[in-house]
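The exercises below are meant to be worked through with the sequence and the 3D view side by side. Each one sets a task and then gives a solution that goes step by step.

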Amino acid sequence: MPDKYDSLNLFIDQLRDNQFFTPLDEESLTFLGQRAKKIHYPAGTILFSEGEPSQGLYWLQSGTLKAVKYSTTGREQILHLIKPGETFNEVGAISTLPNPASVVALETAQVWHIPGEAIRQLVQN
């Protein structure tokens, strides 16, 4: 089983290869990686709900998620299936806008969360 250091290095490598993060230098990637947290979500878990304050940016390491909106009658509209290697909630991470949709785990998922505060701090510097 890899230790936390190996897991962090793997995460930083994945960020480097993601188009959202390619403009960043090593120091910036390390800054974000050190503030990120890996979270395990069982299938059916709501990661966050539409309208709640955004907590940051997410990167899916494994599993499948769905971004959804619910009508006032409870009808679900799937906006996007999120696959491993994809980031989500980018707008909420950079601004202080609420989450634009809800995200639900369709199967067991490993997700890295980068706090919005860390991203905004990096952008300001």
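Predicted model: local features only at pLDDT ≥ 70, side-chain atom pairs only at ≥ 80, totals over all residues.

**Exercise 1. Describe the second largest pocket by its volume and by the residues that line it.**

Step 1. The volume of the second largest pocket is about 160 Å³.

Step 2. Its lining is made up of 13 residues, and those closest to the centre are A67, F88, N89, E90 and P100.

Step 3. Two or more lining residues come from each of the elements β5 (76–82), β6 (87–88) and α3 (90–94).

Step 4. Sorted by class, the lining holds eight nonpolar, three polar and two charged residues.

**Exercise 2. Work out the strand order of the open four-stranded sheet, and find which strands are its edges.**

Step 1. The order of the four strands is β1-β8-β3-β6, and the pairing is antiparallel.

Step 2. β1 (37–41) and β6 are the edge strands, since each of them pairs on one side only.

Step 3. The antiparallel pairing of β3 with β6 runs over two bridges, and W59 stands opposite T87 in β6.

**Exercise 3. Determine which residues of helix α4 are buried, and how they are arranged around its axis.**

Step 1. Within α4 (residues 116–124), the buried residues are G116, A118 and I119.

Step 2. Viewed down the axis of α4, these buried residues fall within an arc of 165°, so they line one face of the helix.

Step 3. E117 and Q124, by contrast, are exposed on the other side of α4.

Step 4. The cover over the buried residues of α4 includes α2 (26–35), β3 (56–62), α3 and β8 (109–115).

**Exercise 4. Place E52 in the chain, classify its accessibility and list its contacts beyond its sequence neighbours.**

Step 1. E52 belongs to the loop between β2 (46–48) and β3.

Step 2. Because its relative accessibility is 37%, E52 counts as partly exposed.

Step 3. When neighbours within four places in sequence are left aside, E52 is in contact with P98 and N99.

Step 4. For E52 and Q110, which lie 58 residues apart along the chain, the C-alpha atoms are separated by 21 Å.

Key. Residues numbered from 1 in each chain as written. Heavy atoms only, no water. 1 Å grid on protein atoms, 1.4 Å probe; cavity = no way out; pocket = protein on both sides within 12 Å on 5 of 7 lines; lining within 4 Å. Points joined across faces, edges and corners; volume = space filled by probe spheres on them. Nonpolar A, V, L, I, M, F, W, Y, C, P; charged D, E, K, R; others polar. Buried < 20%, exposed > 50% of the residue type's maximum accessible area, 1.4 Å probe, protein only. Arc of directions from axis to C-beta. Contact = heavy atoms within 4.5 Å. Pairing = 2+ DSSP bridges.
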